[in-house]
Amino acid sequence: MQTKEQTQTTPADEVSALRHRLARLQARFRRLSEASFEAIIIHRQARILEVNQAAADVLGYERSAMVGMDGLNLVAPASREIVRENIAGGYEKPYEATMLRADGSTFPADLRGKVVSSGADTVRVTAVRDITERKQARQALEESRRRFRTVADFTYDWEYWIGPEGEFLYVSPACQRITGYDRQAFLENPQLLQQITHRDDRAALEEHLQHEAKRDEPLFLEFRISTRAGEERWIEHACQPVKDDEGRRLGRRASNRDATDRKAMEQELRVKESAIASSINGIAITDLQGSICYVNQAFVEMWGYNDVSEVLGRLPPDFVERPREVGQVIEELLDASSWVGELQAKRKDGSTFIVQLSASLVADAGGRPIRMMSSFVDVTEARHAQRQIARQAEEILELSTPVIELWEGIVVVPLIGTLDSRRAQRLAEDLLDAIASTQSDLVLVDVTGVPTIDTQTARHLIETITAVRLLGADMILTGVRPAIAQTIVHLGLDLSNITTRSSLAAGLRVALGILGEGM
Amino acid sequence: MAVESVSVVKVRDVLMVTVPSAPDDATVSELQDQVLHAMADYEAKGLVLDISAVEILDSFFARTVAETAQMVGLMGGETVIAGMRPSVAITATQLGLTLGKANTALDVERALDLLGGL
Amino acid sequence: MADNYEGRLRIESEGDIVSVRRAIRDAAREIGFGLTDLTRIVTAASELTRNIYLYAGSGDVRWRELNSPRAHGIELIFEDRGPGIADLSLALEEGYTTSGGLGLGLPGAKRLMDEMEIETEVGKGTRVTVRKWRR
């Protein structure tokens, strides 16, 4: 020991000086600790040496009461073990524990201890922070994050969030349904989307992904992918940038929808459209007011126009000879949902033709009629042919009802073949006209060539005889076969005043006899 | 209401009436009236009713004609309906009309012949 | 159905029967009926009009052209507020003709036309609808 000065310092003086120094340091520490907002507890192996006011406040004790206390009494039983361990182990990292107040209530806290030694003396300074609020805030955040994930996870469409570096930050579980790959596959492999894209669409997708990184507005793209199972699917993709509150780019959010069904329908429609457009039948579609909203080329040509623009927007009555008929057709169509028939159509140049029309109502998904659609076939030629045949049939009918003026005063009608109601009526008219024009008193109707007649025809025949009589002439029926005789008798008709003979010859003899009498 | 006049003429010893084309009921009744008066006045042997101009023959006409024929018969005469048109004959037959006692003839000439022989 | 009647006449007196005949003859001729059918139609109309006059005193006759793309014809409607027909089946019986001055001549009119419909209520009136089609 060197003594420089002759100041005599005794060991007792040194101790006293040290004690003063310690006291000053302690005071200084106390002042510092008082200023601290954190609760500070100084203890030796949990035996409390000193506390600051904040500690007393947070734990609900009087300061003086705490000194000398077993610090573990301030810890909730559930956390005591971990605290004891950390104290014993000199753990200096922050950890959470539940503290116990004087009134028995607990609160979650952050604890951080530091070992302070001076010489052989070791104390621990522990800061205690009440984290109730922070814990609540954390729970709220967790809750909202969970809710968000629920919304995002349960969206039907496949949602993803690509970060600024091109990595997947979030992938919704719907990706599995749409692509066959689960979200993990995408998170692990950021290139997966390009890899499953159809070869022909890949270039477009690459360009899109490059573009979207730089652009701010929403972008759209349609592309095909191959699912894990090898199925081809159409994806409708819409994406837009994600920005935080300060406007910093946090990447891009995208929504991907399976558009396979819609695409298939579009294809179907295109096929049908093409079928209608190329049909050789004229096709026209009108709205419910009748205004034409579509015609195919065949329609345009059939009606002698040059372009669809000449037809669109006009009303159907313009295209037929008798406009009133259109109203009737539409009325019946609305009533019965379909209509088939013929109309006389009118071309651009005013000429007419006969058209066969098949019309139907087109309804929306709910069953409500929204359009009327008609298909047209030009049947002019066919009808002309039919009319020719009908005319020829008429002529044949006429031929088969020949009225022969045998000589003055006698008319003979030899009938051949079936005598139906229509022919019988025709016979009556022709016969009476012949009687009036030839001024014949007698008419012979020979039915040798008629095998049978029905009751209606028999009635007509009897009526004819009556009519002939009204004119002032008389009729003889010859060649009545057994079958016809039966029909007439079964009808209960009174033939007593009708002259009949079994053959034409016999009838002629009677006729001549009658005529002879008159002369 | 057009009153088409009906005239009754005496030809030889029979009465002749030419019926207009579309007589209304009043004209038809008038016809019957005039015929009966004429029958009394002229003591005719018969009546020729020329209906060659008539287009429509309905039940009233037929009834009146049948009645007239009956009355003429009661007064000692015969009635002949002459010149019925084919279309009228067909319709009348279908309707079931009858002319009662009246005879029929193709035209007026034959009608007169018929009455002459009676 | 649209009330697109082309003709209509009021029956109030005997003389109206001739007016009806004339009007319907013109209408039927315009539609294109032949002479015999024309005669049938006008005769039937005459009978049915006479019915209105005889049994109800007054009534209406309406007619229109039946012009659908499928067929061509005429429709006549005879309507009155008369006593109605008590026994319709009897009135429609064959043999119940007008020649004797009895009955309504309905079977006869039916024979002359192609279709006939009768609506009648005792005390309320009668409506007879007839149609004929061009062959």
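Trainee: In which sense do strand β16 and strand β17 of chain A pair?
Mentor: This is a predicted model. In it, β16 (residues 404-407) and β17 (residues 410-416) of chain A pair in the antiparallel sense, over 3 bridges.
Trainee: Which residue is the bridge partner of E405(A) in β17(A)?
Mentor: That partner is V411(A).
Trainee: And how many residues lie between the strands in the hairpin of β16(A) and β17(A)?
Mentor: The hairpin has 2 residues between its strands, and G409(A) takes a positive phi there, near 95°.
Trainee: How many bridges join β17(A) to strand β18 of chain A, and do they run parallel or antiparallel?
Mentor: β17(A) and β18(A), the latter covering residues 442-449, run parallel and are joined by 6 bridges. I410(A), for instance, has L442(A) as its bridge partner in β18(A).
Trainee: Through which helix does the chain cross from β17(A) to β18(A)?
Mentor: It passes through α14(A), giving a right-handed β-α-β crossover.
Trainee: Changing topic: how many residues of chain A are in contact with chain B?
Mentor: There are 15 from chain A, in contact with 13 residues of chain B. On the side of chain A that touches chain B, α14 (421-438) and α15 (455-471) of chain A each supply at least two residues.
Trainee: Which element gives the largest share of that side?
Mentor: α15(A) does, with 6 residues.
Trainee: How do the residues of that side divide into nonpolar, polar and charged?
Mentor: On the side of chain A that touches chain B, 7 are nonpolar, 3 polar and 5 charged.

Technical notes
Residues numbered from 1 in each chain as written. Chains lettered and ligands numbered in written order. Predicted model: local features only at pLDDT ≥ 70, side-chain atom pairs only at ≥ 80, totals over all residues. Contact = placed C-beta atoms within 7 Å. Helix = DSSP H or I, 4+ residues; strand = E, 2+ residues; numbered from the N terminus. Nonpolar A, V, L, I, M, F, W, Y, C, P; charged D, E, K, R; others polar. Pairing = 2+ DSSP bridges. Right-handed = clockwise from strand over helix to strand, strands pointing away.
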